[in-house]
Amino acid sequence: MTDYSEEQRNELEAIESIYPDSFTVLSDEPTSFTITVTSDAAENGETVEATLKFTYVEKYPDEAPLWEIHSQENLEDSDAEDILTLLQQQADENLGMVMIFTLVTAVQEKLNEMVDVKKNRREEEARRKEAEAEEAEKVLFQGTVVTIENFLAWKAKFELEMAELRRKRQKEEEQAGKPKLTGKQLFETDHNLDTSDIQFLEDTGNNVEVDESLFQDIEDLDLDEDDPDFDPLEIGSDED
């Protein structure tokens, strides 16, 4: 006949010698005690801790002891559930043998795994933020590659803005008493109308800087010169 009390007493003495600083007896009838289990420290010094409470049942170790997480530190709820599940699995595998040391060791290893998982999460989050910052910086300095489509869209918008600016200037001149000039008179006055918009921008302080590297080579553009709407002057010419 198994002397359960003797086995429990012997294990209790062994556990006290193994965990002298983290072992605390809570009661003798029934025998109940706690063992505090702490993970290895992470790089930032953070640890995960769980204080396990065990209570011997009458026929332990042929029957599993009772257990619970008495207190915890830096332990997420999902991790606590994992620990309780782990304890049940280990107890089922070790019925008939004293098992407290085995249970505590399993929990110790689990806490270390949790610390590693948290470390990996932090590193992954840091890499993600770094990649996002690099991508944002690349977009900021790279600009937009100019194609025929977006160039023509910009040109149309630019011409509308120039027309509005000329209208405002003409209105200001009319209010100042200057006579309104017709289109022909404007052309006769300024034979360089092809550059007058640029000059006007410079006069008003709106300088335009162009990054030539963003433009496609003119030779690479797929242009249909047979198209009746094709106008090479809108694209530019390499000839002087």
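**A cavity and its surroundings**

Tutor: A cavity is a set of points on a 1 Å grid over the protein atoms alone where a 1.4 Å probe fits but cannot get out, and lining residues have an atom within 4 Å of a point. This is a predicted model, where local features need pLDDT of at least 70, side-chain atom pairs count only at pLDDT 80 or more, and totals for chains, interfaces and linings use all residues. Residues are numbered from 1 along each chain as its sequence is written, and side-chain values use heavy atoms, with hydrogens and water left out.

Student: How much space lies in the largest cavity?

Tutor: About 30 Å³, taking volume as the space filled by probe spheres set on the points, with grid points joined across faces, edges and corners. The count is 1 cavity of 30 Å³ or more.

Student: And what's the lining like by class?

Tutor: There are 3 nonpolar and 3 charged residues, and no polar ones. Here Ala, Val, Leu, Ile, Met, Phe, Trp, Tyr, Cys and Pro count as nonpolar, Asp, Glu, Lys and Arg as charged, and the others, Gly among them, as polar.

Student: OK, zooming out. How many helices and strands are there?

Tutor: The protein chain has 7 helices and 4 strands. These are DSSP runs numbered from the N terminus: H or I over at least four residues for helices, E over at least two for strands. The order from the N terminus is α-β-β-β-β-α-α-α-α-α-α.

Student: Which residues touch the most other members in the largest nonpolar core?

Tutor: Those are F33, I35, F54, L75, I83, I100 and L111, in a core of 30 residues. Two or more residues each come from α1 (4-18), β2 (31-38), β3 (49-55), β4 (66-73), α2 (77-93) and α3 (100-142), and α3 gives the largest share, 7 residues. A nonpolar core is a set of buried Ala, Val, Leu, Ile, Met, Phe, Trp, Tyr and Cys residues joined through side-chain atoms within 4.5 Å. Buried means under 20% relative accessible area, exposed over 50%, and partly exposed in between, using a 1.4 Å probe and protein chains only.

Student: Why would those side chains gather there?

Tutor: In soluble globular proteins, nonpolar side chains tend to be buried together.

Student: What is L75 in contact with?

Tutor: Leaving out neighbours within four places in sequence, L75 contacts V48, E49, A50, I69, A80, I83, L111 and M114. Contact means heavy atoms within 4.5 Å.

Student: Switching to A91: buried or exposed?

Tutor: A91, found in helix α2, counts as buried because its relative accessibility is 0%. Beyond four places in sequence, A91 contacts A64, W67, M99 and L103. The C-alpha atoms of A91 and P65 are 8.2 Å apart, although 26 residues separate the two along the chain.

Student: And S22, where is that?

Tutor: S22 is in the loop between α1 and β1. With 18% relative accessibility, S22 counts as buried, and S22 touches T34, I35 and T36, not counting residues up to four places away.

Student: I noticed some prolines. What is the peptide bond from E29 to P30?

Tutor: That bond is cis, with omega near -5°, and P30 lies in the loop between β1 (23-28) and β2. Another cis bond joins Y60 and P61, with omega about 15°; P61 is in the loop between β3 and β4. For background, most residues other than glycine have a negative phi, and most peptide bonds are trans.

Student: Which residue other than glycine has a positive phi near 60°?

Tutor: N74 does. N74 sits in the loop between β4 and α2, and is partly exposed at 37% relative accessible area.

Student: Last one: what is the mean pLDDT of the chain?

Tutor: The mean is 81, and 72% of residues reach 70 or more; pLDDT is the predictor's confidence in each residue, from 0 to 100. Over residues 235-240 the pLDDT is below 50, and that stretch has 4 contacts in the model beyond near neighbours in sequence. Where pLDDT is low, the predicted coordinates should not be read in detail.

Terms used: 1 Å grid on protein atoms, 1.4 Å probe; cavity = no way out; pocket = protein on both sides within 12 Å on 5 of 7 lines; lining within 4 Å.
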